[in-house]
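Reader: I would like to learn how to read aromatic pairs and salt bridges in a model, one feature at a time. Could you show me the structure and begin with the rings?

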Amino acid sequence: MAHKVVTPSHFPKPRGYSNGVMGQGNYLYIAGQIGWDKDARIVSPDFATQFLQALDNVIAVVREAGGATEHIVKLLIFVTDLDAYRAATVAIGEGWRGRFGKYYPAMSLVKVAGLLEPGALVEIEGVAILP
């Protein structure tokens, strides 16, 4: 791993994210990805399905650049419905572990009034540091 997770000793242990990630290498900034397929169709009205597809789309950009999930150091997640996110955390967690294992980059999650694409419930952008 080309980076180091940073957690101040006086902070509570983070659950599902890291407080900071430090690294050296080539930075890749990933534009916001939504839960759509190669034909620009939203994959499902289900929140967890859209979340994981958006995450897969972020991962696809990183892989295209020659990286892997462990090179992702920051994710910013936009959701239109916090209750839907909370209700989907078990499914999202299972999907996360299948993609990232127990690795969690620095993350923020923000509720927004809406997203550009009709039917989109989640958008994820990120930063990766490739060795």
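Author: The structure holds 7 aromatic pairs. Phenylalanine 47 and phenylalanine 51 form one of them, a tilted pair with 6.5 Å from centre to centre and 35° between the planes. This is a predicted model, in which local features need pLDDT of at least 70 and side-chain atom pairs count only at pLDDT 80 or more, while totals for chains, interfaces and linings use all residues. Residues are numbered from 1 along each chain as its sequence is written, and side-chain values use heavy atoms, with hydrogens and water left out.

Reader: How is a pair of aromatic rings described?

Author: Such a pair is described by the distance of the centres and the angle of the planes. Rings of Phe, Tyr and Trp (its six-membered ring) pair if their centres lie within 6.5 Å, and planes under 30 degrees apart count as stacked, over 60 as edge-to-face and the rest as tilted.

Reader: Where do phenylalanine 47 and phenylalanine 51 lie?

Author: Both lie in helix H1 (residues 47-64), 4 residues apart, which is about one turn of the helix. Helices are DSSP runs (H or I, at least four residues), as are strands (E, at least two), and they are numbered from the N terminus.

Reader: Is phenylalanine 51 buried or exposed?

Author: Buried means under 20% relative accessible area, exposed over 50%, and partly exposed in between (1.4 Å probe, protein chains only). Phenylalanine 51 has a relative accessible area of 3%, so this residue is buried. The rings of phenylalanine 51 and tyrosine 85 have their centres 6.3 Å apart and their planes at 40°, so this pair is tilted. The pair links distant parts of the chain, with phenylalanine 51 in helix H1 and tyrosine 85 in helix H2 (residues 82-87), 34 residues apart. Tyrosine 85 is partly exposed, because its relative accessibility is 24%.

Reader: How many salt bridges does the structure hold?

Author: A salt bridge is a side-chain nitrogen of Lys or Arg within 4 Å of a carboxyl oxygen of Asp or Glu. The structure holds 5 of them. Aspartate 39 forms one with lysine 38, where the closest N and O atoms are 3.5 Å apart, and one with arginine 41, where the closest N and O atoms are 3.2 Å apart.

Reader: Which residues are linked in a network of salt bridges?

Author: The network links Asp37, Lys38, Asp39 and Arg41. Lysine 38 is exposed, because its relative accessible area is 79%, whereas aspartate 39, at 42%, is partly exposed.
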